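Have the sequence and the structure open while reading.

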Amino acid sequence: MAAVEIPDVTVIIGAYEAMPYLIPCLKSVEAQTLGADRIEIVAVNDGSTDGTGEYLDEFAARSKVSTRVVHQENSGGPSGPRNVGLDMARGRYVFFLDADDYLGDEALERMVAMADRNGTDVVLGKIEGIGRGAPKSMFGRTMERTDLFSSNIKFTLSAEKLFRRELLEKHRMRFDQQLYTGEDARFTLEAYVRSNGVSIVADYVCLYIVRRDDGKHITQSGSYAMRFDSATALMDLIAEFFPPGEQRDELMIRPFVITLLPQFDHRWLKAKTGTRQDKLDLAQPLTDKYWTPGVARRLKVPERLRLHYVAAGRADLLEEHLRFLQAKEVPEVVRKGREGKPYLAYPHFGDKKAGVPDEMYAVTVPEWVDGVRVSVPKAGKPKPSFARRVVRKLRRMARGALASRPARS
């Protein structure tokens, strides 16, 4: 099929051992209501041996969508194929589509219209998981224009989004080929930061992400060391763009909670002693540089405590905390001071010997405890003492009694 001169979208597909998932993936591109004449596909066969390359060639020969196929030796990760595709792209926009996922029929039409209407450089389309979870918090409503600090887009950093190619070329943005997981997070966050605004399509499912049964998806495999490399890359990028302060702390929530924290969950308890310590050692440079009070107060208490123990190198306290969580025990809500500031009494709360500051147990963001929502008291409105509440009630009763007396003639 002859290539269109300037397509609206170049769909870049890196494919490694992608059969049979590749079949519905490509069909979904052909089915786009945007129209075959406004789309091109650049597919990179990354050293597959399962028929992926042959299927791509067959598809390119018969499809109405202009398709170019590159065959290369296996690169070891998704970054190389995406970069090859980006170098070849001609579209005004690019969409990086994983070979095991697929698009909703109207996805590209809706996203291109959104970007054209608003002049935004990145468009997020609503995601639905097939056999796996999908990010939801940023898709509460369609947003014509937003940014990192006015929405939850920092919690979806996969590359499967619409990017204005002019932005990527202007800054020579490419995927880091030294990263074998989390390379998309670094790329996407940089695009958010550099963009002239971000749009969100929340009223239509644009992308279906599929869990592979064979476990060959990179996020389902790989060593834990890769996760620390990913966290390091993302934290360093945030620090490059934002000096110490509120904005940096706000963005650091993402790598701390999504990338680092899962290394210290219930699975840490099952790991060998050497692995446990190795993870603590790998985390140390990151917590030394980027774990701040500003990040800590933005987290829920159980998350904050885990990261505090990691930062302090306290494997003993971390183990106790994880066992408390694993047993599904419920912490007591303790209120202190005139304002009734809430604290969650996880293990070692108030234990001076353990040396954990009370502030690590303080509720600083709303959270649920045993089905009850615990919130931070509003500043300037201290909770009255029990005695004061009794006095107020007696006064109200007295006023009510006086009001009910009949008037004298």
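Which elements do the buried residues of helix 2 pack against? The model is a predicted one, in which local features need pLDDT of at least 70 and side-chain atom pairs count only at pLDDT 80 or more, while totals for chains, interfaces and linings use all residues. Residues are numbered from 1 along each chain as its sequence is written, and side-chain values use heavy atoms, with hydrogens and water left out.

Helix 2 spans residues 52-62, and its buried residues are Thr52, Gly53, Tyr55, Leu56, Phe59 and Ala60. Because these residues cover an arc of only 160 degrees around the axis, they sit on the same side of helix 2; the arc is that of the directions from the helix axis to the C-beta atoms. Glu54 and Ala61 are exposed on the other side of helix 2. Buried here means under 20% relative accessible area, exposed means over 50%, and partly exposed lies in between, with a 1.4 Å probe and protein chains only. An α-helix has 3.6 residues a turn, so residues three or four places apart point the same way. The partners of the buried residues of helix 2 are strand 1 (9-15), helix 1 (22-30), strand 2 (39-46) and strand 3 (66-72). Helices (H or I, at least four residues) and strands (E, at least two) are DSSP runs, numbered from the N terminus.

Now the chain as a whole. Its secondary structure comes to 14 helices and 13 strands. The C-alpha atoms fill a box of roughly 100 × 70 × 40 Å, taken along the principal axes. Of the 409 residues, 47% count as buried. Among contacts (heavy atoms within 4.5 Å) between residues at least 6 apart in sequence, 75% join residues at least 24 apart.

An unreviewed entry places "Glycosyltransferase 2-like" at residues 10-170. That span is 30% helix and 27% strand, and its end C-alpha atoms lie 17 Å apart. From an unreviewed entry also comes "TarS/TarP linker", at residues 228-320. Over residues 228-320 the chain is 80% helix and 0% strand, with the end C-alpha atoms 23 Å apart. UniProt positions are given in the numbering used here, feature names are shortened, and annotations may be inferred rather than shown by experiment.

At 8% relative accessibility, Glu17 counts as buried. Another positive phi, of about 80 degrees, belongs to His348, which is not a glycine either. His348 is found in the loop between strand 11 (341-345) and strand 12 (367-369), and is partly exposed, with a relative accessible area of 22%.

How many disulfides does a search of the whole structure find? The search finds zero, a disulfide being a pair of cysteine sulfur atoms within 2.5 Å. For Cys25, the closest cysteine sulfur is in Cys206, 15 Å away, which is too far for a bond. Cys25 is buried at 0% relative accessibility, and Cys206 is buried at 1%.

Ser195, in the loop between helix 6 (183-194) and strand 9 (198-210), counts as buried at 15% relative accessibility and touches Asp121, Val122 and Leu167. Ala233, in helix 7 (residues 224-241), is buried with a relative accessible area of 14% and touches Leu179 and Arg186. Ala233 and Asp176 are 57 residues apart in sequence, yet 9.3 Å apart in space, C-alpha to C-alpha.

Asp176 and Arg186 are both among the residues that line the largest cavity, including also Met173 and Phe187.

How values were computed:
1 Å grid on protein atoms, 1.4 Å probe; cavity = no way out; pocket = protein on both sides within 12 Å on 5 of 7 lines; lining within 4 Å.
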